[in-house]
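This report describes the strands, helices and charged pairs of the structure shown below.

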Amino acid sequence: MKLLDPKLLSQEEISQRFDMSPYDIIGSCSYDAILFFDGDTTIDGNLDQDAVRTFLKELNSDQDVSDMLVMINGNLSVSGVVGMGDYSPHLLVLGSIHCEVLYSGDDTMFITGDAHVKYAYYGYYNDGTITVEGTTYVPYVLNSDHHSAIKPEGAILINVYSDHNDFFEYDYTNEVLEEVVVPAVLDDKGEFNVWNFIEVVKQGLSPFKEGVKPLRKQYEEELERITSGNIDAVEELDWSDKKLKAFPASLARLKKLKKLNLSINIITEIPAIIGELENLEELNLSDCSIETIDEAIGKLKKLRVLILSSNHHLSAFPEAIGALSELQVLKINYVSTPLPESLAKLEKLEELIMYQCYNDKDNVAVFPEVITKLKNLKHFDFRANLIKELPVTLENVQTLESFIWTDGRTQSPVFPDFRRFPNLKKLVISRKFHSWKNRLFELSTLEHLEIDRNKEESERFIQDMLDTWIEMAEEQNDEDWKKQIQWMQENKIDEGKGKFSIITSPGMKWEDLADINKLTHLRYLDLSFNHLPSLPETFYELKKLTYLDVRYNKFSPEIEERVNAAFPNTEIVWK
């Protein structure tokens, strides 16, 4: 090892020279001392725990390496491996790094520049983390459930831990490794070994068997065959989870294509070429990391189904969506982007699915008023959304047949009167029974009703805990919290021995169902997870029931026997 001139500094000494806040991951680590290299640093051999101990010995220090940070104020060049492996020392490089192998284990690494790695990067286990702010130039990335915040360029990406994508879109995953690598990579048990893999690479050999190609390359070649063959015969194409990095231009050749699934790819941009697929009837672009969609999508005049769910970073819906004159189904789950006014032009739109689009407690959303202008909407799934108000103008949608509102919340008591929907057949209000019970059984057109998961909920506490909450609320001057505590004091139930409880949700009572017989058209009923001990006599008048879910209630054997006898032709789910 080349003799260098590092300094052993304290945290106070380092903080006087450097603002460590930009390196927040390092800042959260525990270390008592810093082995500091000022300027560009070259090390012959490895930079690991043994190397750090050698430096400390030369400094006549008995500092424990388990409480240390190694800091390079400049670029770092290492002729061997960079990797501490254990939980400490940590490494901070204020510059770029050059090495043969970069190994990140239980320790924490932060590199502000680029990483030039000759053979391989290996990230091992989920206790440590590495951040390379620049680009990592490396031929192979091997990752094993490790927080690897790196941007590799030109690398073959390998998941040596599992069979799914986590920090990268992998070329190979654990399930195929033993089949695609040369025998020298395997250990004595015939299992994949990372260090054997790296050793083969060091020898200038390919670690893969001849003819083996990454999945991404295989998919590219297969798509080229499809789009260059008998293209008139291709009417459906499922190209989901095929490791795409962009919208394939070759798809424009498939003029007869009717159904296209590109979900679970990283596409980012839907280009103008999408408009050339003029025979498309169904298009699934869910979970594609889409940011922009070209207005040319409006040329898809035959499109009936459009799925854009889970594109969290979509900047805007194209106005041309209003030109999709045949569109019947639109699914946009987890997309908070405002809906365009042109949506009102979709006169054939029957189904709108918007699960958890609006869930920001700090910036509560306004209900998209354009939805109230849809002339043919029949099925509206608006589960798990937080909005300021569900406006009464929704009553304008007189075609509504199905409304799903499980876990939906509003800040205003204003609410549509669902008795004014003459065609309402399906209502799903899991966990919402109490806010509906006074009007629910007046919805006489219902055929499908889900009022599950309404058991009584309570919270238990002791007086000391309540006193602590009172003090904290006073210290923080939190008026909402004070009101909540006051309510708790007024409604607490004494359970003896200094213990109290409050009912946070009153739960459904069997008596609450007394008017259920008014739903004379009911065919599907879900009463599961309500912990009901009994059922009213009027329940047995529901003669049209074909499906009944009564799981997780507290019925006696006698009630179960009576229900079975009363509904001999009904599918009843007891367990």
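Predicted model: local features only at pLDDT ≥ 70, side-chain atom pairs only at ≥ 80, totals over all residues.

Strand β33 (residues 499–505) pairs with β31 in the antiparallel sense over 6 bridges, and E457 has S505 in β33 as its bridge partner.

## The β32–β33 hairpin

The antiparallel pairing of β32 with β33 extends over 3 bridges. In this pairing, G496 is found opposite K499 in β33. The two strands, β32 and β33, form a hairpin with 2 residues between them. Within the turn, K497 has a positive phi of about 55°.

## The seven-stranded sheet

A further open sheet is formed by 7 strands in the order β1-β2-β4-β7-β9-β11-β14, and its pairing is mixed. The edge strands are β1 and β14 (147–149), each pairing on one side only. The twist in this sheet averages 15° from one strand to the next.

One of its pairings joins β4 and strand β7 (residues 90–93), which run in the parallel sense over 4 bridges. Here I72 stands opposite V93 in β7. Helix α3 lies across β1, β2 and β4 and runs at about 85° to β2.

Which residues of helix α3 (residues 49–58) are buried? They are Q49, A51, V52, F55 and L56. Viewed down the axis of α3, these buried residues fall within an arc of 160°, so they line one face of the helix. An α-helix has 3.6 residues a turn, so residues three or four places apart point the same way. The buried residues of α3 pack against β1 (7–10), β2 (33–38), β3 (41–43) and β4 (68–73). On the other side of α3, D50 and K57 are exposed.

The two ends of the helix also show local features. At the start of α3, a side-chain oxygen of D48 comes to within 3.2 Å of the backbone nitrogen of D50. After α3 comes N60, which has a positive phi near 55°.

## Salt bridges between separate parts of the chain

The count of salt bridges comes to 26. Among them is the pair of R216 and D171, whose closest N and O atoms are 2.6 Å apart. This pair links distant parts of the chain: R216 belongs to helix α6 (residues 215–226), whereas D171 is in the loop between β16 (156–159) and α4 (177–180), and the two are 45 residues apart. Both R216 and D171 are buried.

A salt bridge also forms between E341 and K373, with the closest N and O atoms 3.3 Å apart. E341 is in the loop between β23 (329–331) and β24 (351–353), while K373 is in the loop between β24 and β25 (379–381), so the pair ties together parts that are 32 residues apart in sequence. With a relative accessible area of 43%, K373 is partly exposed.

R420 forms a salt bridge with E395, and their closest N and O atoms are 3.2 Å apart.

Are R420 and E395 buried or exposed? R420 is exposed, because its relative accessible area of 51% is over the 50% cut-off. E395 is buried, because its relative accessible area of 14% is under the 20% cut-off. Salt bridges with shared partners join E395, D417, R419, R420 and E442 into one network.

Terms used
Residues numbered from 1 in each chain as written. Heavy atoms only, no water. Salt bridge = Lys/Arg side-chain N within 4 Å of Asp/Glu carboxyl O. Buried < 20%, exposed > 50% of the residue type's maximum accessible area, 1.4 Å probe, protein only. Pairing = 2+ DSSP bridges. Arc of directions from axis to C-beta. Contact = heavy atoms within 4.5 Å. Polar contact = N/O pair within 3.5 Å; in protein donor to acceptor, adjacent residues only side chain to side chain. Axes fitted to C-alpha atoms, helices over the stretch in contact; angles between N-to-C directions.
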